[in-house]
Amino acid sequence: MEDGNLVAGFWRVHGGIEGKHETGRIALKTLTLLKCGRGPGDATVDRAMAFLRTRHREQAQFLGTYDAGVTLMALQTYLHHPDVVRHRSPDEANEDLVLAVRLAFWIASGRKYGGNWGYYCPGFREVDRYPVGPGRSPSQWARAGERDRVAEVVRFRTPPPLPEFLEHPTEGNDHSNSQYALLGLKAADNLGIGMPEPLWDEVAQHWIGTQEPAGEAVELRTARDPVGRSRYAAQTRPARARGWRYHGHGDVGPTGAMTAVGLAVVRICLDQVSDPKVKEALEAALDDGWAWMQQHFAVASNPGAKAPPWAHYYYLY
């Protein structure tokens, strides 16, 4: 991750898709270091975070959906690091929260009619460092669980209102970009930056509607821990093996990578919607998606008819 791969303090670009997503590539590697226990004070993490803050200072530098989504994931992980909670003042943290809100709104501006994203987002109209300014700072930071050094989730007193988007996106879309958009919005939600529920309802309906319409009847194998003592009991329930594709319906069939994407997004939506009927449909989609994985799971390759071999590691991730 570090030795031999740093150029002027940043990771080297090797071309290909990495060359198109420099910011997202650096954010992803920063997120990896943070998940591995690195944090503020680590020279590489500090350089990378400084780069990401500078890179996203202007909307024109947000670049794409992948970049903004992964940067939000890295930013949320960084802000919830115990050392950040203990040693940074609310004012210092607020600067990163301003960036997080702007990134979340940038992603929201790229949503198509429904719940799908493409590579780029058109942006939003800003006024006076909108939306976080004097009198609208986050609620008190505090430590939760001193013994375990658990960082408390930062919550805004009121959800920030959505700004005026500059235009409606018209370019193509796919489920890979959409996943990273929604992972970013989930990270924003963990920072208290909520999106309106109607947005999540539309996202949920899109992913329910683009799952394969029919599938093989399967007895889905699950396990539960009825007493909370890691004594899992096996059980089965009926499901239909239904996966997801890269482009809704009509392209190559469902693949392991896109079904894993669908499962992640459906699980995120379950935490965001309140309509009982939508929740019931999401639960059914989750069972059927797992049934597809149960029938097709593989480690050596990305499963599915005509599944692209280059997506192998993407699928495992």
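Student: Why is R267 called partly exposed?
Tutor: R267 has a relative accessible area of 41%. Buried means under 20%, exposed means over 50%, and partly exposed is what lies in between (1.4 Å probe, protein chains only). So 41% puts R267 in the middle class. Keep in mind that this is a predicted model, where local features need pLDDT of at least 70 and side-chain atom pairs count only at pLDDT 80 or more, while totals for chains, interfaces and linings use all residues. Also, residues are numbered from 1 along each chain as its sequence is written, and side-chain values use heavy atoms, with hydrogens and water left out.

Student: Where is R267, and how far is R267 from A285 in space?
Tutor: R267 sits in helix α9, residues 256-270. By the way, helices (H or I, at least four residues) and strands (E, at least two) are DSSP runs, numbered from the N terminus. The protein has 11 helices and 6 strands.

Student: What makes K306 buried or exposed?
Tutor: Its relative accessible area is 72%, so K306 counts as exposed. You'll find K306 in the loop between α10 (276-296) and α11 (312-316). K306 also has a positive phi, about 60°, although it isn't a glycine.

Student: And H312, buried or exposed?
Tutor: H312 is buried, since its relative accessible area is 16%. H312 belongs to helix α11. Leaving aside neighbours within four places in sequence, H312 is in contact (heavy atoms within 4.5 Å) with V299, A300, S301 and N302. Its C-alpha lies 10.0 Å from that of A298, 14 residues away along the chain. Across the protein, buried residues make up 49% of the 317 residues.

Student: How do you know that α4 is largely enclosed by the rest of the structure?
Tutor: Count the buried ones: 15 of its 15 residues are buried, so α4 is largely enclosed.

Student: What should the span of helix α4 be, and what is it in the model?
Tutor: The expected span is 1.5 Å times one less than the number of residues. For α4 (residues 65-79), that gives 21 Å for 15 residues, and the end C-alpha atoms are 21 Å apart, which agrees.

Student: Why are α3 and α4 called oblique?
Tutor: The axes of α3 (residues 43-55) and α4 come within 12 Å and cross at roughly 130°. Axes are lines fitted to C-alpha atoms, for helices over the stretch in contact, and angles run from 0 to 180 degrees between N-to-C directions. Under 35 degrees is roughly parallel, over 145 roughly antiparallel, 65 to 115 roughly perpendicular, and the rest oblique. The pair is therefore oblique.

Student: Which residues meet there?
Tutor: V45, M49, L52 and R53 in α3 meet T71, L75 and Y78 in α4. By class, that's 5 nonpolar, 1 polar and 1 charged. Ala, Val, Leu, Ile, Met, Phe, Trp, Tyr, Cys and Pro count as nonpolar, Asp, Glu, Lys and Arg as charged, and the others, Gly among them, as polar.

Student: Which residues of α7 meet α8?
Tutor: H175, S178, L182 and L185 in α7 meet L199, W200, V203, H206 and W207 in α8. They divide into 6 nonpolar, 3 polar and no charged.
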